[in-house]
Structures are given as C-alpha cells and as structure tokens.
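Work through the exercises below with the model open beside you. Try each task before reading its solution.

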Amino acid sequence: EAAGLRFDPVRPAVDEAVAAVRNRGVDRVLVLAHLGRGTDDGPGGRDLARDLDVAAVLDGHAHEHAATVVDGTVYARGGQGASHLNVVDLDGPAVEARRIGPDAPGHEAVATALRERAREAGLTATVARLDRPVRCDRVAVRAGESRVGNLVVDAYRRRTGADTAL
C-alpha cells in the first residue's frame with residue numbers, strides 16, 4: 001500500500017510550512033523535527049536552527065541530548081529515551097536541560113490522561129513479562145538484534161499471527 005509514498009526534500013517543505021504559519025499571524029514559530037544530525041541528502045535539526053528565522057527547533061531521531069542556542073535560535077533534542085527535559089525560554093532565547101528519570105516528579109493529570117488514552121486505544125494488555133530489564137540505550141538498539149527489538153517483533157507476531165515481523 002506504500003506504492004505512492006515518496007519522500008520530498010526537507011528544506012523546501014519546512015520553508016513552505018514556516019511561511020504558511022507566519023501568514024496566519026503567529027507570534028513565534030517553533031519547528032518540530034525528527035532529523036537528528038542529518039545526512040548527505042538533507043539537513044539536520046541543528047542546520048535548520050542555524051538557517052531559519054524561527055524561535056526554536058525541537059528535534060528528535062539522534063540519541064544524543066542537545067540543548068543550546070544556535071545563531072539566536074533554540075535547538076533542543078530530548079536524548080536517548082527522553083533522558084532530558086528541555087525547558088525552553090523563547091524570550092531569551094535560552095534552554096535549560098534537566099536530566100530526568102524514573103525518580104523524577106510526575107504530573108498526575110498528564111499521567112491520568114495518558115492512561116485513559118491507552119485504555120481507549122486498547123493498549124493496556126500485557127503482552128510479555130521479562131526476567132530482567134530491557135536495555136534501550138544507543139548501543140543496545142544499534143548493535144543488530146536486541147532484546148527490545150525481539151520484544152516488539154514478538155508482540156507484533158503474536159497479535160497478528162504473522163510468521164515474521166520487522
């Protein structure tokens with residue numbers, strides 16, 4: 001079903017989207033990206049922060065945490081497993097990185113809303129139990145076969161009855 005799928009160059013699409021948002025009279029433009037460091041074929045999120053006149057580029061894809069200001073634009077990336085919370089001050093511009101983890105304080109209203117969405121989507125069933133933690137760090141997920149990958153594909157196979165999953 002993906003026969004008609006195509007990937008257009010990033011920069012023209014971003015330029016068009018930024019212009020469309022500006023035409024609506026917004027105060028500040030934030031770019032949400034999933035580019036990481038970029039490739040030979042296209043820019044990374046930091047490149048967009050350097051080249052665009054926007055308040056912030058909030059990026060993903062690459063596993064390294066980032067929290068900086070690039071040529072007057074905030075550039076932030078949460079890091080592996082959302083290891084950091086980046087608090088962005090658009091008036092600064094500035095960004096403060098806060099390391100987070102299982103002991104970080106939660107927000108009960110957000111947690112309740114997420115649990116409700118999971119319930120409504122039918123995503124509350126336990127599909128597996130493991131005898132030891134599943135590593136999800138960069139080394140584990142980039143080194144070929146991994147326990148987390150096996151967990152996910154086994155869940156896909158069990159749910160769909162497929163012989164294989166990716």
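Two strands pair if DSSP finds at least two bridges between them. Helices (H or I, at least four residues) and strands (E, at least two) are DSSP runs, numbered from the N terminus.

The model is predicted: local features need pLDDT of at least 70, side-chain atom pairs count only at pLDDT 80 or more, and totals for chains, interfaces and linings use all residues. Residues are numbered from 1 along each chain as its sequence is written, and side-chain values use heavy atoms, with hydrogens and water left out.

**Exercise 1. Pairing of S4**

Task: How many bridges join strand S2 (residues 56–59) to S4, and how many join S3 to S4?

Solution: 
- Start with S2. Four bridges join S2 to S4, and the two run parallel.
- Pick a pair: Ala56 has Val74 as its bridge partner in S4.
- Turn to S3. Five bridges join S3 to S4, here antiparallel.
- Ala66 has Arg77 as its bridge partner in S4.

**Exercise 2. Burial of S4**

Task: Is strand S4 (residues 73–77) largely enclosed or open?

Solution: 
- Set the cut-offs. Buried means under 20% relative accessible area, exposed over 50%, partly exposed in between (1.4 Å probe, protein chains only).
- Count. Five of the five residues of S4 are buried, so the strand is largely enclosed by the rest of the structure.

**Exercise 3. The core**

Task: Which residues touch the most other members of the largest nonpolar core?

Solution: 
- Define the set. A nonpolar core joins buried Ala, Val, Leu, Ile, Met, Phe, Trp, Tyr and Cys residues through side-chain atoms within 4.5 Å.
- Of its 14 residues, Val18, Val31, Leu48, Leu52, Val54, Val57 and Tyr75 touch the most other members.
- Helix H1 (10–22), helix H2 (45–51) and strand S3 (66–70) each give two or more residues to this core.
- Zoom in on Val31. Leaving out residues up to four places away in sequence, its contacts (heavy atoms within 4.5 Å) include Val18, Leu48 and Ala56.
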